[in-house]
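This report walks through selected parts of one protein chain. Keep the sequence and the structure in view while reading.

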Amino acid sequence: MTGGGGWTVPYDNTSTIVTRASRVAELAARHSAEAEAARRLSAQVVHAVRDAGFARHFVPRAHGGTAGGFTELTSAVFLVGEGCTSAAWAASLSAYAGRYAAFLPERGQREIWADGPDALLAAALMPAGTAQRVPGGWLLSGEWKYISGVHFADWALACAAVPDEPSADPDGRPAVRYFAVPAADFTIKDSWYSVGMCGTGSDTLVLADVFVPEHRTLARSDVHVGRANGSDARCHLVPMHAVNSLPFAAPLVGAVRGAMRSWVERTGSRVDRRGRAVAELPSTQVSLARSAAEADAAELLVRRTAAVADGTETPPEGEAAVRGARDLALAVELLVSAVDRVFRTSGTSGQSSTDPVQRFWRDVNSAASHVALSFETTGAAYGAWALSART
């Protein structure tokens, strides 16, 4: 695919999900203003995401899914992000939520995918609420904030600490479990009023004494070590550290590409106060070159992380547990720098509420604040490993 500035983006166009992602991007771009106003994606975009194969991408083949690779999903998310960051975020997170569900006991998997592999899932990744063990399962109550895609989810995976279970956490923190809850059992609190990523619909999931049978719960530690139930597909054997922040970084690559394309299209017709074509100014050309280079570098880091997860690239021994998170956090810093520069050079017209550049700029900066993308945290972990490995 060729971007608006003439650069070539080496997306994998052999995959069905990648082929369909361009159509999702076009539709999502047309509905982006509607998504911002409604603070959630339109039904048309949600259907397009589902039809493109995002929901089924990591679903086990035994349930009709693709059990696909991380690289092809990442390429597809890049493409959707060029049209709408919120749509790419929803597509990415719904795919990864399906991956978590593959760690459920077989009976639980059969219930979730009873009507086919395209059930949309939303996942709460941070523990909240309370889980009380009762005969046959658990009683779950509480509120889980910032659950992207919860409005169109068929199922939600709520995450809660279970202090009564043995924990393998070296810091002594309690064990944590995921609980699969159908849409009929939860309500949604209207709480998502964000300056960016408005269309993700990341409202609050509410559960009130909901019974979750044992076969619809799984230990988070199983996901961490890559211990799926009944599947030997590569995507279900990858430990969490290899892909932890990949779902959050990938949409931002596409967003910056979209911002640059929109900026180039508008810059071609701009003139400055002296009547000079803005596109012919060396300062404009250098700004674009620097942002494009940062986006390219970020994409390479994200792609390398996906390749390691797929097993097509192997990091140096001992480095695998810390390099991917470091790379993704740095990639996002590069993307923030790139989109900030594009926004600064957009002029007054670029700050119009109808201009796509300012939307991409808000989206990237908002998403970059996600705790999983903190370079201070991931960089410290990498630095500690690197220094200890040499002593």
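His-236 counts as buried in this predicted model, because its relative accessibility is 0%, and the cut-off for burial is under 20%. The residue sits in the loop that runs between α7 (220-225) and α8. Its side chain is joined to the side chain of Ser-231 by a polar contact of 2.7 Å. When neighbours within four places in sequence are left aside, His-236 is in contact with a list of residues that includes Phe-58, Val-59, Pro-60, Arg-99 and Phe-103. Gly-226, Arg-227 and Ala-228 are also among its contacts.

**Aromatic pairs**

One of the contacts of His-236 is Phe-58, which also takes part in ring pairing. The structure holds nine aromatic pairs. A pair of aromatic rings is described by the distance of the centres and the angle of the planes. Two of the pairs are listed here.

| Pair | Centre to centre | Angle between planes | Type |
|---|---|---|---|
| Phe-58 and Tyr-96 | 5.2 Å | 65° | edge-to-face |
| Phe-70 and Tyr-96 | 6.1 Å | 35° | tilted |

Phe-58 lies in the loop between α3 and α4, while Tyr-96 is in helix α5, so this pair ties together parts that are 38 residues apart in sequence. Phe-70 lies in helix α4, so its pair with Tyr-96 ties together parts that are 26 residues apart in sequence. Through these ring pairs, Phe-58, Phe-70 and Tyr-96 are linked into a cluster.

**The largest nonpolar core**

Phe-70 also belongs to the largest nonpolar core, which has 76 residues. The members that touch the most other members are Phe-54, Phe-70, Leu-73, Val-243, Leu-246, Val-256 and Val-302. Which elements give two or more residues to this core? They are α1 (16-30), α3, α4 (70-83), α5 (85-101), α8, α9 (282-310), α10 (320-344) and α11 (356-367). Helix α8 supplies the largest share, eleven residues.

Leu-246 shows what such a core member touches.

Ala-259 is found in helix α8 (residues 246-267). It counts as buried because its relative accessibility is 0%. Not counting residues up to four places away in sequence, Ala-259 touches Val-339, Val-342, Val-357 and Phe-360. Its C-alpha atom is separated by 14 Å from that of Ala-88, a residue 171 places away along the chain.

**Helix α3**

Helix α3 is another contributor to the core. The buried residues of α3 are Val-45, Val-46, Ala-48, Val-49 and Ala-52. Where do they lie around the axis? They are on the same side of α3, because they cover an arc of only 160°. These buried residues pack against α1 and α5. After α3 comes Gly-53, whose phi is positive, near 105°.

Met-197 lies in the loop between β6 (187-189) and β7 (203-213) and is buried, with a relative accessible area of 5%.

**Cysteines**

How many disulfides are there? The count comes to zero when a disulfide is taken as a pair of cysteine sulfur atoms within 2.5 Å. Cys-198 is in no disulfide, because the nearest cysteine sulfur, that of Cys-84, is 9.9 Å away, and the cut-off is 2.5 Å. Cys-198 counts as buried at 9% relative accessibility. Cys-159 counts as buried as well, at 0% relative accessibility.

Note on methods: Residues numbered from 1 in each chain as written. Predicted model: local features only at pLDDT ≥ 70, side-chain atom pairs only at ≥ 80, totals over all residues. Heavy atoms only, no water. Buried < 20%, exposed > 50% of the residue type's maximum accessible area, 1.4 Å probe, protein only. Helix = DSSP H or I, 4+ residues; strand = E, 2+ residues; numbered from the N terminus. Contact = heavy atoms within 4.5 Å. Core = buried A, V, L, I, M, F, W, Y, C linked by side-chain atoms within 4.5 Å. Arc of directions from axis to C-beta. Polar contact = N/O pair within 3.5 Å; in protein donor to acceptor, adjacent residues only side chain to side chain. Phe/Tyr/Trp six-rings, centres within 6.5 Å; stacked < 30°, edge-to-face > 60°.
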